[in-house]
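Hi,

Here's the structure I promised to pass on. Have a look at it first, then read my notes below.

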Amino acid sequence: MSDHPSPSALPLALPLAERIRRAARQEQFLEVVSAGEAMRRLRDAFPFAALPAEEVPLAAALGRVIARPVAAASDAPPFDRSGVDGFALRAADTAGAAEATPRRLLLNAELLACGVAPGIEVTPGTATAIATGGVIPRGADAVVMIEHTELEAGDPPAILLSRPAAPGAFIGFAGSDIAKGETVLRAGVVVTSREIGMLAAAGIAAVPVVRRPRVAVISTGDELVPPGTPLPPGAIPDSNAAILAAAVTENGGEALPFGILRDEEAALAAALRRALDAADVVVMSGGTSKGAGDVSHRILGDGVIVHGVALKPGKPLCIAAVAGRPVFVLPGFPTSAVFTFHQFAVPLIRAMAGLPAREDSDVEAKLAVRLPSELGREEYVMASLAEAADGLVAWPLGKGSGSVTAFSSADGFFAIPALDQGAEAGQAVRLRLIGGASRLPDLTIIGSHCVGLDAVLDLLAAEGLRARSLAVGSLGGLAAARRGECDLAPAHLLDAKTGAYNTPFLAPGLRLVPGWRRLQGVVFRPGDGRFAGQDGRAAVAAAAADPRCLLVNRNAGSGTRILLDGLLAGVKPAGYANQPKSHNAVAAAVAQGRADWGVAIEGVARAYGLGFLPLADEHYDFFLAEARADRAAVAAFLRVLESAESRAALAALGFARAATGA
Ligand SMILES: Nc1nc2c(c(=O)[nH]1)N[C@H]1C(S)=C(S)[C@@H](COP(=O)(O)OP(=O)(O)OC[C@H]3O[C@@H](n4cnc5c(N)ncnc54)[C@H](O)[C@@H]3O)O[C@H]1N2
Ligand code: MOO
């Protein structure tokens, strides 16, 4: 990903600390420190304490953090009240009441509906009709239910009681729920609808809450455009600002969007001044590293307290104290930006917001594949979880710091210590879960990805079943299925000897479920005379022989690569070393002119407006682990796969459902 001198490239005889120091010097970072040291410096520089309180109206208190103890302004209930429809009376008058010896009480001439102030005292031998919620009149100390009385006409009318009432019966006493002056909420409580109801009952209209830390979010980079706007060549959507602003809100802050700034020192410095005026914390992303455009850290003057952390992702992280405020300059790479934001900025923002530290939980898992790691940097690996018979398996997302999805779709991450050069397949790792406790999917699919699979899984989702599909290529999926780490392994593996797809790769314990056919072919820019109107195989042979005709190849292990290598029979055309990992990358390279031809599926060629010459009718099938075939989710998948809806959805995408798998 980066071509900077890594500590491991320095003479091995040097002690590690010296190698890291030298590497840091070569990289012109201030000084590369450990993640722990960076956090210590941050804690020394800023109080990790709640901001002062402010009062907000009750309705605006939702989600806010209570700043100081809140005492009830009134009793709840505010008066003694009846809990039933019946009669307020003196309990002593009911003593001895029974079916055979009913007690007779004269009715007072008032009816205590809700909200009516009593006017008549209940004297011995009398009772007053009262509704549920009515105010208990002076003199009464109990209520009897209307069902346990009989009305006797007369002037005044009377009631006959057939059972006694204990003192206090059916009376809710003033302050029995909330007593005036009592603490109803303590500092640090996050207000939900439940707390809102309690505050309302306690007569509180203005709620003291911690002022939300205002966090200015600035993106820097000449290449950035707001999401959803057309992309000129070389441009990318600004995803960091969106995810960082949302993460600020999730952690109790208020995000102030400052938009996208060019890599221009004067403009950036001016924006930083405005941000410091408006915000408690400033978060910038991009421009922390060494490129010509990386000016962010240079405008921070001598306020820099950390620049360079022995961490991956996140090495170029820069933290400064400017005008007494924390400024985080996060690496531009999305995974690096979000990861360092969560590790360093979130604890401070939460503390300022009065929120407790995030509750993290870990799970133990077995690493699915071997992973190399750079010596000298603690590496955090984003991973997805799958369930095997003997526990959880962690699949590294393998997408790197530049990926937006690595952090967003990972279940969690685990660390490879700075002194390790990698982690082994099968090794136990502790995965720190992110994005809330993750529920494991009902169905785990590991292997080759296809848009047709998305269509089938959408139908499965409509039945309430959650599937996880990890794209690790056909061979990786097959290996996972053999180890019993997934339910299904989609694959399109061509056996060069027999010319058959997938069946020759069957192993004991696996069965093959026929999927669908996808047409693979040569993709080229429309109008390119070297390809238009040709036969696919002839075009491959001609292109391979033309040194000016640039190929975009595919990664080893992919079904497409196996197909292409078979056609090339040992010839390595110009561009052969360019080996991206997806059909889309092949199509983009051809559409944008970085290459002239490649092999991809028809649907993708169509989506990119490319010309297409058919080569092979590829079988995309599913290896099913027998041991997991009885699972309900597997049965549901197989049923959905056979359904008319999925056939129609696949046909609409240009895929033909296969009758058999071979
Ligand atoms: N010669 C060296 N090159 C690099 C080094 C190094 O030490 N020496 N470090 C690498 C590492 S590690 C990282 S991480 C990146 C960090 O680079 P910057 O912080 O300077 O970020 P940029 O160069 O501005 O951008 C990097 C990358 O991220 C994309 N980006 C930037 N902002 C956004 C955004 N708001 N939304 C989405 N994507 C964004 C940008 O387009 C670039 O692709 O440097 C390595 N290089
Ligand atoms: O690896 Mo950088 O350190 O991608 O953040």
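**What I found**

The residues of the shell around ligand 2 split into four nonpolar, three polar and two charged. For these classes, Ala, Val, Leu, Ile, Met, Phe, Trp, Tyr, Cys and Pro count as nonpolar, Asp, Glu, Lys and Arg as charged, and the others, Gly among them, as polar. The shell has nine residues, and the closest are K312, P313, K315, S336 and S401. Here, a residue is near a molecule if its C-beta atom, placed from the backbone, lies within 6 Å of it.

Before you go further: this is a predicted model, where local features need pLDDT of at least 70, side-chain atom pairs count only at pLDDT 80 or more, and totals for chains, interfaces and linings use all residues. Residues are numbered from 1 along each chain as its sequence is written, while chains are lettered from A and ligands numbered from 1 in the order in which they are written.

pLDDT is the predictor's confidence in each residue, from 0 to 100. The protein chain has a mean pLDDT of 90, with 93% of its residues at 70 or more. Over residues 1–14, though, the pLDDT is below 50, and this stretch has 21 contacts in the model beyond near neighbours in sequence. (Two residues are in contact if their C-beta atoms, placed from the backbone, lie within 7 Å.) Where pLDDT is low, the predicted coordinates should not be read in detail. The model scores are ipTM 0.97 and pTM 0.83.

**Helices that meet**

Some terms for this part. Helices (H or I, at least four residues) and strands (E, at least two) are DSSP runs, numbered from the N terminus. Axes are lines fitted to C-alpha atoms, for helices over the stretch in contact, and angles run from 0 to 180 degrees between N-to-C directions. Angles under 35 degrees count as roughly parallel, over 145 as roughly antiparallel, 65 to 115 as roughly perpendicular and the rest as oblique. A crossing is left-handed if the near helix is turned anticlockwise from the far one by less than a right angle, and right-handed if clockwise.

Start with helix 8 (residues 451–462) and helix 15 (residues 644–652): their axes come within 9 Å and cross at roughly 150°. That makes helix 8 roughly antiparallel to helix 15, and the crossing is right-handed. G452, A455, V456 and L459 in helix 8 meet E645, S646, A649 and L650 in helix 15. By class, this contact has five nonpolar, two polar and one charged residues.

Helix 8 also meets helix 14 (residues 632–642), with axes that come within 10 Å and cross at roughly 120°. So helix 8 is oblique to helix 14, again in a right-handed crossing. V456, L459 and L460 of helix 8 make the contact with A636, F637, V640 and L641 of helix 14. What classes are found in the contact of helix 8 with helix 14? Seven residues are nonpolar, with no polar and no charged ones.

Then there's helix 2 (residues 35–45) with helix 6 (residues 334–352): the axes come within 11 Å and cross at roughly 25°. Helix 2 is therefore roughly parallel to helix 6.

Most residues other than glycine have a negative phi, and most peptide bonds are trans. A cis peptide bond joins K312 and P313, with omega about 0°; P313 sits in the loop between strand 19 (311–312) and strand 20 (318–322). Another cis peptide bond joins A76 and P77, with omega about -10°. A323 isn't a glycine, yet has a positive phi of about 50°.

Cheers
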